[in-house]
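Please keep the sequence and the 3D view open while reading.

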Amino acid sequence: MIPELRSGFNQRFSAESYRALLALQQRLCGAKVEFRIAETPIFVPLALLDDLALAGADLAQRLIGNPSYLAAARRAIPTGYHVAGETAHPHFLTADFSLIRDPAGNLVPRLVEIQAFPSVYGYQVALCSAYREVFGLPDDLGCFLGGLTETGYWDLLRLTIVGRHDPQNVVLTELDPLNQKTLPDFQVTSLRLGIPVVDIRSLEAIKDKLHYRDAAGRLIPIHRIYNRAIADELIARNIKLPFDLTFPWDVEWAGHPNWYFLISKFSIPWLSREISQGKSNGKGQPVNRSVVPPAVFLSDFLDGDGRAELAAAGVSLPSPAGPQTTYTELLLKPLFSFAGKGIQFDPTQAQLESIPAGKRAEYLLQQRMYFVPTIETPHGLTQAEIRILYLWPDGGALTPALSLVRLGRGKMMGVDHNRNQEWVGASAAFYPA
C-alpha cells in the first residue's frame, strides 16, 4: 500500500530469490515449514499498524473490565477445561483485521477475530529476518511495534514466557509438537529462550507438582508452562491427559488456558451489542463502529432478538421463506474453533436449524466482510489480513509487539485455504521508520 516500495520490490523479485527465502527460513527455524510462505511482505504506514494495535488493545481491555461478560464467558468453558489459578489478564493476545470499503468508499479496518492465545511469536521474527536478508530490505524499514527493537522484543517475550524462572523449569507444551505445523515456531522459541518443547501428554504428576523428563530421562519439576495446546484439538480428538487440568497444580501458566475461552469469538456478539446500545468503555469513549462487525449468537438469531439486532445494524437479511433461504451476508462460526475450522459461508435456514437447540449458543453469525485486494502482485491484486501480536508480562502492560500477515485470494485468508496459488500465504509487514 506504499506504491514506490511495492513496485520496487516487484521489479526486483525473482524465482531464485523466493527459493532462497524458503531455504533461509527453514535454516533459521531448524525445521521444515509445512505451510506456504508468501513471495512478498507488505509495505504499510506505521500509522495503520498503530491504529489496528490500539483498536485491538481497546477491545481486549473492554472485555477484561466487563464482569458480566467474563461471567458469561466462564460459563461457556467446556466441562473439564476450567483450569485453576486463572491469571488477572492474558499473557498473549492476537487481533486479526481485514481491510474493507465502508459505505463512503473509504478503506477501513474490521475485526475478524480476537483471541487470547499465543501465536507464532518466534517464527514471525525469523520470517521478517529472512525477508530482510534475501530481498535486501533497507534498515530503515521497521517491523516491530510498541517502540520495540529486535532485542527489546526478545527480552519482552522472555519475560512473558519464562518470567523469573530457570528456563529448564519452563516448558512449551503442545499436543504431539513434533508433528504440528507450528513446529518451526516451537524450535525458534526453544532455541532463543532455552526452554524444552514437551508433549503435554507426557507430563507426570507427583503430589501437587507437574514434571517432565529431559533428554537424559531425568525427572525435572515444572514451574511455569508456556501453553500451546489448543483446547479445541484436545476436545475434538478426545485426548485424555495424564493429569487433571482442573486441579490446582503448583505451577504458573504463561498463557493460562482459561483465556483461550474468555477472549475469543465468544466476545464479538457482546462487543457488537455494546455498539448497538451505544455503550462506552466507562471513560466516555464509544466502541469503534468501524472495527467491530455486527454479530449475534445463533441461539439468539433463531430463538431471540438476534435477527432484529443484525437488521438494525444494517446487515441485509432475506425473509425466512423456507429451509433453502440463504444468508449470503452472514458467516456461521463455531465459537472455540481455531485456524478457521468449521466456518461456513452462505448458511441456509435449514443448516442453521439443523444445529441442536442445546448447541446453538456455541455458534455465532457474523456479518461477512469482503476484503479489498490492495497488494499489487504479478498475479493480480491480493488481499491481506493483518494480525497484531501482543505481549502482556506479569506486572507489565499490554504491548503490541509485532504483526503477522496472511495474503490470499480465496474466500478465507488462512494458508490452508489458498492452496495451489502464488503470492499468497504467510507474510509480514514492514513500515518506513
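Which residues do ring pairs link into a cluster? The cluster consists of Phe 9, Phe 13, Phe 43, Tyr 131, Phe 135 and Trp 423, joined through ring pairs. This is a predicted model, in which local features need pLDDT of at least 70 and side-chain atom pairs count only at pLDDT 80 or more, while totals for chains, interfaces and linings use all residues. Residues are numbered from 1 along each chain as its sequence is written, and side-chain values use heavy atoms, with hydrogens and water left out.

**Helix packing**

Two packed helices are described by the angle between their axes and the distance between the axes. Helices here are DSSP runs (H or I, at least four residues), as are strands (E, at least two), and both are numbered from the N terminus. Axes are lines fitted to C-alpha atoms, for helices over the stretch in contact, and angles run from 0 to 180 degrees between N-to-C directions.

- Helix α2 (residues 15-29) and helix α5 (residues 121-135) have axes that come within 9 Å and cross at roughly 140°.
- On the α2 side, the contact (heavy atoms within 4.5 Å) involves residues including Ser 17, Ala 20, Leu 21 and Leu 24, and on the α5 side residues including Tyr 123, Ala 126, Leu 127 and Tyr 131.
- Sorted by class, the residues of the contact of α2 with α5 are twelve nonpolar, three polar and one charged, where Ala, Val, Leu, Ile, Met, Phe, Trp, Tyr, Cys and Pro count as nonpolar, Asp, Glu, Lys and Arg as charged, and the others, Gly among them, as polar.
- The axes of α5 and α6 come within 11 Å and cross at roughly 170°, and the two helices are therefore roughly antiparallel to each other (angles under 35 degrees count as roughly parallel, over 145 as roughly antiparallel, 65 to 115 as roughly perpendicular and the rest as oblique).
- In the contact of α5 with α6, Tyr 121, Gly 122, Val 125 and Ser 129 of α5 meet Glu 150, Tyr 153, Trp 154 and Leu 157 of α6, and by class there are five nonpolar, two polar and one charged residues.
- Helix α6 (residues 150-161) also packs with helix α7 (residues 183-193), at an angle of about 90° and with the axes 11 Å apart, which makes α6 roughly perpendicular to α7.
- Where α6 meets α7, Glu 150, Trp 154, Leu 157, Arg 158 and Ile 161 lie on one side and Val 188, Thr 189, Arg 192 and Leu 193 on the other, and these divide into five nonpolar, one polar and three charged residues.

**Buried residues and aromatic rings**

- In helix α1 (residues 3-12), Arg 6, Gly 8 and Phe 9 are buried, and the buried residues of α1 pack against β1 (42-43) and α5; buried means under 20% relative accessible area, exposed over 50% and partly exposed in between, with a 1.4 Å probe and protein chains only.
- The model has 20 aromatic pairs, counted when rings of Phe, Tyr and Trp (its six-membered ring) have centres within 6.5 Å, with planes under 30 degrees apart taken as stacked, over 60 as edge-to-face and the rest as tilted.
- One of the pairs is Phe 144 with Tyr 153, which is tilted, at 5.2 Å centre to centre and 45° between the planes; Phe 144 is buried at 10% relative accessibility, and Tyr 153 is buried at 0%.
- Tyr 431, in strand β19 (residues 429-432), is buried at 10% relative accessibility and touches residues including Val 44, Pro 45, Asp 140 and Phe 144, leaving aside those up to four places away in sequence.
- Tyr 431 and Leu 5 are 426 residues apart in sequence and 9.8 Å apart in space, C-alpha to C-alpha.

**Loops and positive phi**

- Most residues other than glycine have a negative phi.
- Trp 423, found in the loop between β17 and β18, has a phi near 60°, which is a positive value, and this residue is buried at 2% relative accessibility.
- Asn 238, in the loop between α8 (231-236) and β11 (252-254), has a positive phi near 50° and is exposed, with a relative accessible area of 52%.
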